[in-house]
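Hi everyone, thanks for making time for this. Please have a look at the screen.

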Amino acid sequence: MNTLRLAVLAVALGLSGCAMVRPPIKTVEPFVAPSTTPADTPACRLFDPADLTEHRFYNGYANASSCFWLSDDSGPLSISLRDKSTPEQYLAKPTGLKTSPITIGGHSGLLAENSRGTGTCGVVLTHPGGVAAAEVLTDAGGRSCEIAQAVMKVIEPKLS
């Protein structure tokens, strides 16, 4: 009889110990889809594909500080805004990065060849709050810098 009581006690203690080591149940955060409407973000409001029809840009997607436009002609385009930043801070340092000073309208900055890798190109201009950048993210048949400058000429008047 004592053996039975010891067995029940051991099982009870064992089960209570298992209950204490179980990990706490975490609540699941609701899924929030990223913005898929480029007009929702400040970077996207800087550029309208209708302003530069020769490269056939169309809506892509956006995140908090960048807007990505797609093009069957020139490849993807990234338009970004970064507060309290300089062109040098904004630019990654990939192999082959070549920068040169550039002025478009009343804003100065850098023309960055190979800004995101070989063949890509970006124009990064300063404005009172930080920098604005337009980067062509593919080789674009050797026209990446030409296209990035054309996009930034459309964007520049909108910079405060």
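Let's begin with L77. Leaving out residues up to four places away in sequence, L77 touches F47, F57, C67, F68, W69, A134, E135, V136 and V151. Before I go on, please keep in mind that this is a predicted model.

Now let's step back to the whole chain for a moment. The protein chain has 4 helices and 7 strands, and from the N terminus on the order is α-α-β-β-β-α-β-β-β-β-α. Of its 160 residues, 40% count as buried. If you take contacts between residues at least 6 apart in sequence, 42% of them join residues at least 24 apart.

Back to strand 3, residues 77-83. Why do I call it largely enclosed by the rest of the structure? Because 5 of its 7 residues are buried. What does strand 3 pair with? On one hand there is strand 2, residues 66-71, which pairs with strand 3 in the antiparallel sense over 4 bridges. Within that pairing, S80 in strand 3 is the bridge partner of S66. The hairpin of these two strands has 5 residues between them, and there G75 takes a positive phi near 85°. On the other hand there is strand 7, residues 130-136, which runs antiparallel to strand 3 and is joined to it by 7 bridges.

Next, helix 4, residues 144-155. It has 12 residues and reaches 16 Å from its first C-alpha to its last, close to the 16 Å expected at 1.5 Å a residue. Its buried residues are S144, C145, I147, A148, V151, M152, V154 and I155. And what covers them? The cover includes strand 1, strand 3, strand 4, strand 5, strand 6 and strand 7.

On to the aromatics. The count comes to 3 aromatic pairs. One of them is F47 with W69, an edge-to-face pair with 5.7 Å centre to centre and 75° between the planes. This pair links distant parts of the chain: F47 is in the loop between helix 2 and strand 1, W69 is in strand 2, and they are 22 residues apart. Both F47 and W69 are buried. Y61 and F68 have ring centres 4.8 Å apart and planes at 25°, so that pair is stacked. Is Y61 buried or partly exposed? At 45% relative accessibility, Y61 counts as partly exposed, whereas F68 is buried, with a relative accessible area of 17%. Ring pairs also link F47, F57 and W69 into a cluster.

P87 is found in helix 3, residues 87-90, and is buried, with a relative accessible area of 5%. Neighbours within four places in sequence aside, P87 is in contact with G109, L110, V124, T126 and V131. P87 and V123 are 36 residues apart along the chain, with their C-alpha atoms separated by 8.9 Å.

Finally, S115, which sits in the loop between strand 5 (107-113) and strand 6 (121-127). What does its side chain reach? The side chain of S115 reaches the backbone nitrogen of G122 at 3.4 Å. Setting aside neighbours within four places in sequence, S115 is in contact with L91, A92, P94, L97, T120, C121, G122 and E135.

Methods:
Residues numbered from 1 in each chain as written. Predicted model: local features only at pLDDT ≥ 70, side-chain atom pairs only at ≥ 80, totals over all residues. Heavy atoms only, no water. Polar contact = N/O pair within 3.5 Å; in protein donor to acceptor, adjacent residues only side chain to side chain. Contact = heavy atoms within 4.5 Å. Buried < 20%, exposed > 50% of the residue type's maximum accessible area, 1.4 Å probe, protein only. Pairing = 2+ DSSP bridges. Expected span 1.5 Å × (residues − 1). Phe/Tyr/Trp six-rings, centres within 6.5 Å; stacked < 30°, edge-to-face > 60°.
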